[in-house]
Amino acid sequence: MKRQIGNRTEINSTTDNIAISVRNLYKSFNLPTEQSSGLKQAIFNRLRGVKGYTEQKVLKDINFKIKKGEFVGIIGRNGSGKSTLLKILAGIYYPQKGDIIINGNLIPFIELGVGFNPELTGRENVYLNGALLGFSNEEMDTMYDDIWEFAELKQFQDQKLKNYSSGMQVRLAFSIAIRAHGNILLLDEVLAVGDAAFQQKCNDYFRSLKDQKQTVILVTHSMENVTKFCTRAILIESGKIIQDGDPNKVSAAYTKMLAN
Amino acid sequence: MYISMEIPLVLNRKNRILLKELTKTDFKLRYQGSVLGYLWALLRPLMMFAILYIVFAKLLKIGGEIPHYPVYLLCGTTMWSFFTECTSQGIQAVVARGDLLRKISFPKYIVVVSATLTAVINMLINVAVIIIFALINGVTPNWSWFLIIPAILELYLLSLGIAFLLGSINVKYRDITSIWDVFVQALFYAIPIIYPVSMVAETSTSAAKIILLNPIAQAIQDIRFGLITHDAVTTWNYVASPAVIIPIVITLSVLVCGSLTFRKKSKFFAEEV
């Protein structure tokens with residue numbers, strides 16, 4: 001079972017204007033065909049000479065280059081391969097074929113509040129989540145108060161996380177996440193959190209990212225956000241890029257595609 | 001072309017922060033919600049010791065000829081608990097932390113090491129207790145106490161190797177966890193922890209020698225020799241042949257083999273877990 005593997009390289013070049021370059025990217029998953037996966041099934045399959053899995057091609061020949069300072073929205077239907085693409089860019093999945101070059105420090109937000117544990121207090125969770133973003137204890141100390149200030153949850157900091165409402169948890173997670181400063185941000189549908197007032201704060205944050213010319217890749221289903229924040233949009237369908245360019249045009253094409 | 005992807009396997013600043021925080025969390029969560037909390041790290045091995053002591057030393061009257069037998073027994077059971085805790089936590093680490101692996105990108109060995117470090121902390125606390133017990137029992141401090149450092153290190157590296165090797169298979173075949181549990185039960189009786197080596201040697205000296213070629217037995221006997229009594233039978237003073245290096249060879253092979261397997265398989269953990 002020798003599996004092919006592509007290249008993902010991280011460089012740090014200030015002269016190069018390209019933040020992310022993806023060439024001939026392919027990815028497929030081996031999905032188990034049997035319900036039970038275990039040693040017994042594996043031995044049976046080996047004896048019978050069956051593979052025990054089907055290959056599902058998720059990404060087929062993806063090519064694009066993202067320049068520094070671009071705010072790129074990736075849109076597409078459920079199961080079109082958007083999240084897989086994001087995870088490959090983040091280095092969580094390995095590409096099967098192709099070359100990826102990441103230029104600069106990349107920070108992925110596949111989900112907010114990664115590693116949050118309900119049994120720990122808010123305070124402990126802040127430090128844990130911070131460590132997962134690469135912050136040391138000392139660095140977290142300096143931004144600790146700001147995080148709670150932004151989340152507006154200061155009075156709950158020593159409560160266990162399981163006593164937070166889900167909205168409160170997301171607000172806390174978001175407040176930590178925005179502290180992370182990288183050259184490239186990968187965001188998977190994390191815009192819509194909290195109530196209307198908190199939503200406004202989030203919008204301000206994304207507006208500021210755009211104004212600062214931060215390189216952002218955003219996977220979203222909200223065409224409103226695509227047209228509001230993005231400088232470019234990429235439409236993916238069945239693992240292929242079918243449109244790439246002006247956010248207004250691409251989101252119009254997507255809306256039309258959904259209608260059919 | 002493969003080289004470029006494997007270079008980040010170093011303990012850089014980011015990975016150190018991660019390792020520290022994950023270990024801290026593991027340790028905190030282990031005793032979360034219990035009244036006695038961290039005390040359980042001490043109480044569990046002491047209780048196991050009490051049971052073994054009553055059954056084997058008092059009822060079955062084993063080990064009478066060994067000086068300081070109670071501490072000798074405690075030392076063995078503590079190191080054995082360390083080995084079992086290290087391996088079982090390490091093997092399950094990747095699956096237990098699957099949630100993290102699917103969401104952020106970091107060297108996967110960190111979750112295994114952090115899981116085993118909790119066992120290391122527990123073990124170190126218990127070594128302190130053994131030393132106190134030893135002093136109460138009339139063991140005099142000796143330079144040979146430092147011998148336990150390489151022996152403990154060897155035991156840890158062996159556990160880590162097993163955790164890497166079986167942990168990477170466990171991602172796909174969860175049966176490994178159950179198989180290992182049973183295997184460890186059997187292994188316990190193949191190591192002179194509750195019975196002295198001399199008991200085996202009475203029936204067959206070659207059996208005793210083979211038993212001592214097990215790296216776990218060798219490490220435990222070395223620790224007892226160093227810490228408790230120089231009467232403890234060790235591999236190097238009992239197996240007087242070039243075969244004495246076998247335990248070291250086994251340990252290093254398991255570690256190398258485990259690390260390589262883990263490194264190869266870890267690329268697909270995020271997809272498979």
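Which residues on the other side of α8(A) are exposed? The legends below give the answer.

This is a predicted model, in which local features need pLDDT of at least 70 and side-chain atom pairs count only at pLDDT 80 or more, while totals for chains, interfaces and linings use all residues. Residues are numbered from 1 along each chain as its sequence is written, and chains are lettered from A in the order in which they are written.

**View 1. Helix α8 (residues 247-259) of chain A.** Helices here are DSSP runs of H or I with at least four residues, strands are runs of E with at least two, and both are numbered from the N terminus. A:P247, A:V250, A:S251 and A:Y254 are the buried residues of α8(A); buried means that 20 or more other C-beta atoms, placed from the backbone, lie within 10 Å of the residue's own, and exposed means 12 or fewer. These buried residues line one face of the helix, because they fall within an arc of 95° seen down its axis (the arc of the directions from the helix axis to the C-beta atoms). On the other side, A:K249, A:K256 and A:A259 are exposed.

**View 2. Surroundings of α8(A).** Its buried residues pack against β4 (71-75), α7 (223-229), β9 (232-237) and β10 (240-245) of chain A.

**View 3. Contacts between chains A and B.** In chain A, 27 residues are in contact with 22 residues of chain B, contact meaning C-beta atoms within 7 Å. To the side of chain A that touches chain B, α3(A) gives the most, with 4 residues.

**View 4. Around B:L155.** Leaving aside neighbours within four places in sequence, B:L155 is in contact with B:M79, B:F82, B:F83, B:I216 and B:A219.

Methods: Two residues are in contact if their C-beta atoms, placed from the backbone, lie within 7 Å. The expected span of a helix is 1.5 Å times one less than its number of residues.
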